[in-house]
Amino acid sequence: MKMAIARRRVLMGAAALGLGACAPKAAPVATKTSDALGDLDGVAIAARIRSKDITALEAVDAAIARADAVEPAINAIVTKLYDRARADARKGAAGPFAGVPTFIKDLNDIEGAPTKNGSRAFARNIAKQTEPYVARLLAAGLIPIGKSTTPEFGFTCTTEPLLTGPTRNPWNLKHSAGGSSGGSGALVAARVVPVAHANDGGGSIRVPASVNGLFGFKPSRRRMIGDGERAIPVDLAVNNCVSISVRDSLAWYCAGERGAADAPSYPPLSPNIAPLKRKLRIGYAPNALTGRAPDPDVLKAVQSAAALCQSLGHQVTEFKSKVDGPAFADAFSIYWASAGAQLVQEVQEVQKMAPRAPIDQLLEPLTLGLAKLYQSKPPGSIEKAIGVLKKAEADYAAGFDDVDVILTPTLAIAPLPIGEIAPDRPFDAMWARVFEYVGYTPLENAAGAPAMSVPLAWNGAGLPIGIHFTAAKGKDALLYELAFQLEQARPWAKRKPPLAV
C-alpha cells in the first residue's frame with residue numbers, strides 16, 4: 001500500500017474528473033512466444049546494448065511484443081507509451097540502464113502522460129511535469145513503455161481498481177497480483193520487462209514481489225530522491241522497484257538515491273555490493289505483530305528460509321518484537337484512514353467547481369469506507385495514532401540491540417484469489433482481511449527502515465511465497481549483501497510462471 005497522493009495532485013482542477021470505468025476484462029491464456037531478451041535482467045540487457053549486440057530500439061520493440069502477448073490475460077498496463085518509448089530509444093541513452101524498457105507505476109508523473117492514480121476521478125488527468133524521482137530513472141537510461149496498474153491511490157494490497165478491473169497473477173490468473181504495485185509485479189513476473197517501478201507505504205513493493213515470485217526491496221526513509229520530504233507527521237512512502245535479480249534492484253536503487261549532501265546520515269550505496277561473507281544474528285519471528293500465525297504453507301516456507309540461513313552459518317534465534325502489535329495495527333489503520341478522508345474531502349472540493357458525477361461514481365467504496373472509518377473516531381484519535389507510530393519507530397530500533405536482521409513471512413497467506421479483497425466488498429470485513437494479509441509489512445514504513453521480500457519458496461499449488469527480511473534504519477547495504485548471498489544459495493530467476501514470454 002502507498003500513502004495517498006499529495007494535495008497538489010488532488011486539486012488538479014475539474015478537468016481531472018471523468019468517468020473512465022471499464023468492466024473487468026476476461027482472462028484468456030496468452031500464447032507463449034520465443035524471445036531471448038525476456039530471460040535477461042536489466043543489467044544484462046544494458047550490457048548488450050552497450051556492446052552493440054542489440055539496439056535500444058530492438059530491446060524496446062521486443063518488450064512491446066511481450067506486453068501485447070500477455071496483457072489481455074494479466075491486465076497490468078493502464079497506459080501504453082509505445083510510440084514515446086520508441087522515439088526515446090531512437091535518440092539513444094546513457095546511464096547504467098541505457099535502453100532498458102520498463103514501466104512506471106501510475107501514481108507517479110511523467111510529463112504529458114496520464115497519471116490516473118487507479119481512480120475514476122483522475123481518468124483524464126495528464127501530468128504537467130515529470131517528478132524528480134522519475135526524472136532520475138530516465139536519466140539512468142530507463143525507457144518506460146507504459147504506466148502500470150495500481151489500486152485507487154495505492155490504498156490496498158491487491159490491484160483490482162474499478163477504473164481498469166483486476167490485474168491478474170501470471171502464476172495463476174485466478175489470483176491477485178498483489179498491490180499496490182501489482183501491475184509492475186505482474187509485468188516483471190511475466191518477463192515483459194526485467195525490472196519495473198514500485199513504491200511502498202505499507203508493503204507495496206514487498207507484497208507484489210512476494211505474490212509474483214520476485215525480489216522487492218523497500219529502502220530506508222529519505223534514501224531516495226523526493227522520499228521523506230512530505231509535510232506529514234509520519235512519512236511512510238518510499239520508491240524503488242520489483243525485479244528478477246538482486247543486481248537490478250541495487251542498480252535501480254543507486255540510480256534513484258540521494259547524494260551524500262542531501263542525506264548526510266546515509267553514505268550512498270556502492271553499486272558493487274558483494275554477497276555477504278560474515279555471519280549474522282537473525283531473529284526468527286513467524287507470527288505477525290498481532291500474534292496471528294501464518295497459514296501452514298507460509299509457515300513451512302519461512303521455516304525452510306530459517307534453515308537455509310542456518311546452513312549459511314548465520315545464528316538464527318526466536319525473536320520477540322518490542323512493538324505493541326495490536327496498538328500499532330490500530331494506529332496504522334487510523335493514520336491510513338485519515339488519508340482516505342482527505343481524498344474524499346478534496347475530491348468533493350473539486351466537484352463544487354465543476355460537478356460531473358456523484359462522489360460514489362468517482363471514488364471507490366474502499367476509499368469512501370476509509371473516510372467513514374476515520375470520521376467515526378473520537379477527537380484526538382489521529383494525534384494519539386501518530387504518537388503510537390512514533391513510539392513504534394523507537395521500539396523497532398531497540399529490537400536490533402540483540403539481532404542484526406529479522407526474518408518473517410512477507411504475507412500471512414499465499415496469494416489471494418481475485419475478488420477476496422476487492423474495493424467494492426463490504427468495508428468492515430474487507431479491511432479486516434487486509435490486515436490479516438499484510439500484518440508483517442507496515443511496521444518498517446512507520447520505522448523508516450529497510451526491508452525486502454525474497455522469492456525463496458513456492459507452495460504446493462505453485463504459488464510464490466516471499467520471505468521477509470528487515471534491518472535497522474540505514475542498514476540497506478547489509479540487506480543487499482544478504483540478498484546476494486541468498487540468491488546464490490537458492491537461485492530463483494529461472495523459475496518462471498506458466499504465463500511468461
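Phe 217 counts as buried in this predicted model, because its relative accessibility is 0%, which falls under the 20% limit for a buried residue. Phe 215 is buried too, since its relative accessibility is also 0%. A search of the whole structure for aromatic pairs returns 17 of them. In one of these, the ring centres of Phe 215 and Phe 217 are 6.5 Å apart and the planes meet at 40°, so this pair is classed as tilted. Phe 217 also pairs with Tyr 480, and here the centres are 4.0 Å apart with the planes at 10°, so the two rings are stacked. This second pair joins distant parts of the chain, because Phe 217 belongs to strand β7 (residues 215-218) while Tyr 480 belongs to helix α15 (residues 476-489), 263 residues apart. Tyr 480 is itself buried, as its relative accessible area of 0% shows.

Elsewhere, ring pairs join a set of aromatic residues into a cluster made up of Phe 122, Phe 153, Phe 155, Phe 328, Phe 332, Trp 336, Phe 427, Trp 431 and Phe 435. Helix α13 (residues 427-437) has as its buried residues Phe 427, Met 430, Trp 431, Val 434, Phe 435 and Tyr 437. These residues span an arc of only 160° around the axis, and therefore sit on the same side of α13. On the face of α13 turned away from the buried side, the exposed residues are Asp 428 and Ala 429.

Just after α4 comes Gly 92, which takes a positive phi of about 85°.

Gly 256 lies in helix α8 (residues 246-256), and it is buried because its relative accessible area is 0%. Once its neighbours within four places in sequence are left aside, Gly 256 is in contact with Tyr 133, Arg 136, Arg 223, Met 224 and Ile 225. The C-alpha atom of Gly 256 is separated by 6.4 Å from that of Leu 137, although these residues are 119 residues apart along the chain. Glu 349, in helix α10 (residues 325-353), is partly exposed, since its relative accessible area is 29%. Between the C-alpha atoms of Glu 349 and Glu 229, which are 120 residues apart along the chain, the separation is 25 Å.

The backbone deserves attention at several loop positions. Most residues other than glycine have a negative phi, and most peptide bonds are trans. Lys 52, in the loop between α2 (42-50) and α3, has a positive phi near 70°, and Lys 52 counts as exposed because its relative accessibility is 72%. Arg 222, found in the loop between β7 and β8 (238-243), likewise has a positive phi near 70°, but Arg 222 counts as partly exposed, given a relative accessibility of 34%. The peptide bond from Gly 179 to Ser 180 is cis, with omega near 5°, and Ser 180 is placed in the loop between β5 (172-176) and α6 (182-189).

The second largest pocket has a volume of about 410 Å³. It is lined by 26 residues, of which Ala 285, Asn 287, Ala 288, Leu 289 and Ser 321 are the closest to its centre. At least two lining residues of the second largest pocket come from each of α12 (381-398), β11 (405-409), α14 (442-447) and β13 (464-470).

Confidence in the prediction should be kept in view. The mean pLDDT of the protein chain is 91, and 91% of its residues reach 70 or more. Over residues 3-34, however, pLDDT stays under 50, and for these residues the model has 97 contacts beyond four places in sequence.

Technical notes
Residues numbered from 1 in each chain as written. Predicted model: local features only at pLDDT ≥ 70, side-chain atom pairs only at ≥ 80, totals over all residues. Heavy atoms only, no water. Phe/Tyr/Trp six-rings, centres within 6.5 Å; stacked < 30°, edge-to-face > 60°. Buried < 20%, exposed > 50% of the residue type's maximum accessible area, 1.4 Å probe, protein only. Helix = DSSP H or I, 4+ residues; strand = E, 2+ residues; numbered from the N terminus. Contact = heavy atoms within 4.5 Å. pLDDT = per-residue confidence, 0-100. 1 Å grid on protein atoms, 1.4 Å probe; cavity = no way out; pocket = protein on both sides within 12 Å on 5 of 7 lines; lining within 4 Å. Points joined across faces, edges and corners; volume = space filled by probe spheres on them. Arc of directions from axis to C-beta.
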